[in-house]
Protein chains: 2
Amino acid sequence: MCDAKKGHMRHAVDLSRQKMDEGCGGPFGAIIVRDGTVIAEGWNNVTSKNDPTAHAEVSAIRAACEKLGTFDLSGCEIYTSCEPCPMCLSAIYWARLDKIYYANGREDAAAIGFDDQFLYDEVAKPMSDRTLPIEYVDVPEARDVFAAWDAKEDKIAY
Amino acid sequence: MCDAKKGHMRHAVDLSRQKMDEGCGGPFGAIIVRDGTVIAEGWNNVTSKNDPTAHAEVSAIRAACEKLGTFDLSGCEIYTSCEPCPMCLSAIYWARLDKIYYANGREDAAAIGFDDQFLYDEVAKPMSDRTLPIEYVDVPEARDVFAAWDAKEDKIAY
């Protein structure tokens with residue numbers, strides 16, 4: 001294990017400690033790195049900002065995208081103090097990050113009350129088997145909008 | 001199907017059309033409803049705000065939480081013009097919404113270039129089988145932070 005990786009991970013872990021101590025939210029930190037340089041930091045702000053999506057990884061992605069002026073973080077990597085939950089993992093795909101480094105695992109998170117495994121299980125289920133009810137509402141105009149997107153000549157793909 | 005559900009869904013679909021036409025991002029809209037009242041709206045802002053996490057559902061959740069001053073949307077429901085991707089589905093769980101209503105399905109999204117199924121497949125895989133590389137970095141301090149959270153007496157659970 002090269003020292004640079006450990007150094008970046010310590011940065012993410014230090015953030016998780018510092019922001020937890022400051023009362024921002026849960027004990028999670030993340031940084032985005034490109035070519036060895038730290039582009040942005042993120043930490044859990046769920047309870048202090050009243051934003052259930054403000055996990056460390058999502059926050060780091062938002063900060064990096066704002067800094068670089070892009071929605072595409074290809075060429076960047078993320079160091080997170082804990083294995084991402086399905087929301088953050090999906091956000092990492094959408095942001096097109098190249099690689100994830102993590103320290104604590106989902107079982108470590110479960111041991112302190114963050115049951116990401118439940119969410120991994122739910123997301124993988126057919127919608128009818130999930131605990132969260134979901135219902136189809138037939139509004140044909142919805143398909144018209146998709147057709148309009150498909151035909152739109154000036155759209156920006158992402 | 002009661003008219004109220006169709007009415008709320010038309011609201012979400014109208015948003016998807018309007019914001020797509022305004023160039024905000026992809027053709028997706030969502031609203032959060034509590035006791036029949038619309039609490040907040042959201043739409044896709046990925047390309048206009050350079051935020052890959054700014055999907056309609058995540059944006060609606062953020063807006064509703066900001067308006068209500070809470071990170072817990074229990075008692076609220078979400079109407080989304082398209083079945084949520086795994087990021088948004090997970091965000092809906094984290095926000096503790098009671099129910100999801102959707103119009104277009106993931107296969108409709110795939111037909112116009114939004115391949116949520118790929119992401120559903122990836123999230124469900126063991127990490128070693130995913131296309132996105134992930135690597136464990138052993139930094140023991142990470143576990144110390146989790147232990148500190150576990151012992152923290154003034155923490156706010158979420």
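Visitor: Leaving aside neighbours within four places in sequence, what is Phe28(B) in contact with?
Guide: This is a predicted model. In it, Phe28(B) is in contact with Phe146(A) and Tyr158(A) from chain A, and with Ser16(B), Trp43(B), Asn44(B), Ala56(B), Ser81(B), Cys82(B) and Phe114(B) from chain B.

Visitor: Where does Phe28(B) lie in chain B?
Guide: In the loop between α1 (3-21) and β1 (29-34) of chain B.

Visitor: Is Phe28(B) buried or exposed?
Guide: Phe28(B) is buried, because its relative accessible area of 12% is under the 20% cut-off.

Visitor: Back to chain A. Which residues of helix α7 are buried?
Guide: In α7 (residues 141-151) of chain A, the buried ones are Ala142(A), Val145(A), Phe146(A) and Trp149(A). Seen down the axis of α7(A), these fall within an arc of 100 degrees, so they line one face of the helix.

Visitor: New topic. How many disulfides are there over all chains?
Guide: The count is zero. For Cys76(B), the nearest cysteine sulfur is that of Cys65(B), 8.3 Å away. For Cys82(B), the nearest is that of Cys85(B), at 9.2 Å.

Visitor: Is Cys82(B) buried or exposed?
Guide: Buried, at 2% relative accessibility. Cys76(B) is buried too, with a relative accessible area of 1%.

Methods
Residues numbered from 1 in each chain as written. Chains lettered and ligands numbered in written order. Predicted model: local features only at pLDDT ≥ 70, side-chain atom pairs only at ≥ 80, totals over all residues. Heavy atoms only, no water. Disulfide = S-S within 2.5 Å. Buried < 20%, exposed > 50% of the residue type's maximum accessible area, 1.4 Å probe, protein only. Helix = DSSP H or I, 4+ residues; strand = E, 2+ residues; numbered from the N terminus. Contact = heavy atoms within 4.5 Å. Arc of directions from axis to C-beta.
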